[in-house]
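Dear colleague,

I am passing on the structure we spoke of, with the sequence alongside. Please look it over first; my notes on what was found follow below.

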Amino acid sequence: MQQKSTGAEMLTGAEILARCLKDEGVEFVFGYPGGAVLHIYDALFKQEDVKHILVRHEQGASHAADGYARATGKPGVLLVTSGPGATNAVTGIATAYMDSIPMVIITGQVNTWAIGSDAFQEVDAVGITRPCVKHNFLVKDVKDLAETIKKAFYLASSGRPGPVVVDVPKDVTALTTTYHYPDKVEIRSYNPVAKGHNGQIRRAVKLLQQAKKPMLYTGGGVVLDNASQVLTEFTKMLGFPITNTLMGLGAFPASDKQFLGMLGMHGTYEANMAMHDCDVLLAVGARFDDRVVGKVAEFCPDAKIIHIDIDPASISKSVRVDVPIVGSVSSVLTDMMMLLKEQDFKTDKDAIAKWWQQIEDWRRRDCLRYDTKSEIIKPQAVIETLHKLTEGDAFVTSDVGQHQMWAAQYYGFNKPRRWINSGGLGTMGFGLPAAIGVQLAHPDETVCCVTGEASIMMCIQELSTCLQYGLPINVVSLNNRYMGMVRQWQEFFYEGRYAMSYMDALPDFVELAHSFGHVGLRVESPADVEAALKEAIADTQRLYFIDFVTDQSENVFPMIEQGKGHHEMHLPAHMSPERDLA
Amino acid sequence: MRHIIAILLENEAGALSRVSGLFSARGYNIESLTVAATEDPTLSRITLVTRGSDQIIEQIIKQLNKLIDVVKLVDLSEDEHIERELMLVKIKSSGSDREEIKRLTEIFRGCIIDVTSRTYTVELTGTGAKLDAFLRALEAASIIETVRSGTSGIARGDKGLSL
């Protein structure tokens with residue numbers, strides 16, 4: 001058997017880094033070289049275990065590493081140089097931080113003796129990233145390097161995951177020391193708790209059993225903890241209605257009758273109404289984000305709230321809860337199931353049947369209906385067609401805006417880690433580079449990047465990376481010549497003054513795709529949507545950029561205005577005559 | 001409500017900025033903050049005085065606990081505790097004022113630690129309120145400068161904040 005590390009091997013800091021990544025089982029490093037990391041690149045050049053993916057901009061590398069992490073559950077790894085390399089990565093680090101994505105970011109730094117002297121390409125990377133990382137390190141001694149990298153991976157992927165930055169000065173990568181990669185590290189101040197408190201779990205189960213109008217609201221924590229199966233089993237056992245947050249989509253199969261769709265600002269009518277009327281709310285791995293909660297005072301006004309979260313600071317942050325349970329989703333739900341089993345799953349069946357009748361009434365109003373006879377392409381139709389052709393099983397990344405909401409509403413994710421989007425930070429430009437990470441992780445799967453003509457321009461340079469690595473991503477661009485969500489808000493709240501939201505002087509995306517070495521298609525008629533998507537999906541060799549020319553006036557419905565309650569939705573035209581705000 | 005939070009922190013570069021950065025980023029206020037290494041050189045101890053509703057204090061404590069460099073903390077205000085602050089004041093004192101300031105210093109159980117023909121420098125320890133009272137007892141115009149350490153706190157009784 002090959003030994004992982006021999007005791008007395010002398011290696012340079014750069015070689016140590018490469019070995020650490022190998023011993024950590026890292027497949028891909030996403031990055032871009034520069035002065036401060038040249039020793040590291042040289043060490044990577046001399047080995048074949050860890051593959052380096054060269055992007056075109058460090059922001060692209062950060063989102064690609066992030067996409068890889070979201071699709072696999074393994075930490076994404078990023079390598080950038082000092083100064084602008086680090087600052088360009090900050091958007092991607094903050095994106096990962098907001099969505100609790102495990103990432104390890106290695107930033108080059110100027111020589112230790114030059115730190116603080118305003119040296120060429122010097123920036124205080126630890127200082128600049130401090131508010132948007134789980135933790136960060138500056139390694140000043142090569143002897144600390146291997147252990148610090150181990151700590152970084154441990155912190156990034158345990159507890160509530162998140163990005164960890166390791167800033168490595170150039171001279172540290174040149175100095176030598178003996179290499180030893182620890183199997184385990186302990187950090188005395190860091191002991192995340194997985195097992196929930198028994199008493200609290202008992203109280204929670206009792207509340208669920210007494211509930212007459214229960215509701216499950218689950219978020220990204222279920223996906224992060226790979227607890228989708230446990231959640232599904234638990235929910236089926238109880239027979240309760242369930243809604244997912246934007247980050248939690250796919251954790252419970254969208255095709256299941258118990259699923260009410262997404263909740264929140266652009267959630268379904270039935271999900272939001274059920275939230276408003278429920279008497280017991282079980283929140284699982286969700287953080288009561290403002291786009292979910294709306295007006296705090298009117299959030300689930302009649303409900304007792306149970307909240308399961310690995311992060312104590314997420315509990316009672318914006319909404320007070322009645323039964324807080326700190327622990328991992330899978331552990332707590334498993335314990336709750338055991339308790340329920342002991343009690344034969346006794347729930348108030350009559351009340352719950354009545355509750356379902358009410359929910360079905362809401363569901364019948366069909367809040368996601370749109371004009372399917374339109375002669376202009378409706379963006380929703382593109383997503384529905386994509387769903388049909390991929391059987392809801394594709395990996396779908398997105399950028400930010402209307403297209404993101406339509407993808408969330410109409411794709412219908414049946415499996416976790418299939419829906420990859422920037423929920424917390426809302427980073428335009430995320431979708432294409434994220435798709436790179438996803439496609440590398442799953443070379444044989446269909447990967448689609450649902451985007452808009454505004455978002456795609458923010459990281460368009462990564463089309464070049466896609467060609468270099470032969471990634472057959474399907475870019476599904478919903479081109480309405482507007483920053484659609486900005487336009488929608490301007491229509492609703494600024495009397496139609498479309499300040500700076502019209503995308504003028506757009507490139508010819510078909511020619512643009514060609515010039516990057518890809519296939520470009522423009523689709524202008526609803527009749528051609530399916531054929532174009534079919535062609536793109538069938539081609540597993542080439543990247544397709546499909547420019548769908550869509551209806552400019554389409555809005556995302558339902559919509560809850562900022563600061564309004566769940567029951568106060570803007571509804572689509574077909575619902576408005578009987579619009580009740582009860 | 002005013003709360004005094006005692007924190008044991010890894011004695012490492014940048015650890016303090018994580019604490020202060022947390023307060024500024026989340027809009028919490030810091031009334032005072034004192035920090036120094038403890039008898040264990042790997043640990044620093046912070047005494048931090050802040051104000052906020054119960055919900056805000058709960059969040060502050062949770063967010064502080066979440067920082068990797070924070071090893072342990074306690075909200076001293078939850079129980080009986082002692083707080084002390086050190087103040088040094090340089091005071092104009094000539095002629096008849098000199099006796100008066102000396103007397104005042106004795107009343108407040110301070111001591112004069114530096115003397116020139118025109119000034120006294122007084123060292124005084126106590127709660128913030130006591131230090132305020134001493135300053136009020138002086139004529140405002142006679143104060144040349146004051147320097148205050150901010151509050152240090154410790155719990156009463158047998159229990160201590162240690163690893």
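In which loop of chain A does A:Phe288 lie? With the caution that this is a predicted model, the answer is the loop between β12 (280-284) and α12 (290-293). Most residues other than glycine have a negative phi. With a relative accessibility of 4%, under the 20% cut-off, A:Phe288 counts as buried.

A:Phe288 also belongs to the largest nonpolar core, which has 101 residues, and is listed with A:Phe234, A:Leu281, A:Met336 and A:Phe548 among those that have the most contacts inside that core. The element that gives the most to this core is helix α13 (residues 329-342) of chain A, with 7 residues. For A:Met336, once its neighbours within four places in sequence are left aside, the contacts are A:Ile201, A:Ala204, A:Val205, A:Leu208, A:Phe234, A:Leu282 and A:Ile308.

As for the chain as a whole, the secondary structure of chain A comes to 21 helices and 22 strands. Its radius of gyration is 25 Å, close to the 25 Å that the globule rule gives for 582 residues, so chain A is as compact as a globular protein of that length. The C-alpha trace spans about 75 × 60 × 45 Å along its principal axes, and buried residues make up 59% of the chain. Of the contacts with a separation of 6 or more, 76% are between residues 24 or more positions apart. Chain A exposes about 22,600 Å², of which carbon and sulfur atoms supply 52%. Its side chains include 54 positive and 69 negative ones, and the centres of these two sets lie 6 Å apart.

A:Gln121, in the loop between β5 (103-109) and α5 (125-129) of chain A, has a positive phi of about 55° although it is not a glycine, and at 25% relative accessibility A:Gln121 counts as partly exposed. A cis peptide bond, with omega of about -10°, joins A:Phe557 and A:Pro558, and A:Pro558 is placed in the loop between β20 (544-549) and β21 (559-560).

With best regards

Definitions and conventions:
Residues are numbered from 1 along each chain as its sequence is written. Chains are lettered from A and ligands numbered from 1 in the order in which they are written. This is a predicted model: local features need pLDDT of at least 70, side-chain atom pairs count only at pLDDT 80 or more; totals for chains, interfaces and linings use all residues. Side-chain values use heavy atoms; hydrogens and water are left out. A nonpolar core is a set of buried Ala, Val, Leu, Ile, Met, Phe, Trp, Tyr and Cys residues joined through side-chain atoms within 4.5 Å. Buried means under 20% relative accessible area, exposed over 50%, partly exposed in between (1.4 Å probe, protein chains only). Helices (H or I, at least four residues) and strands (E, at least two) are DSSP runs, numbered from the N terminus. Contact means heavy atoms within 4.5 Å. The radius of gyration is taken over C-alpha atoms; the globule rule is 2.2 Å times the number of residues to the power 0.38. Accessible areas come from the Shrake-Rupley method with a 1.4 Å probe; for residues, only the protein chains shown count as cover. Lys and Arg count as positive and Asp and Glu as negative; His and the chain ends are not counted. The place of a charge is taken as NZ of Lys, CZ of Arg, CG of Asp or CD of Glu.
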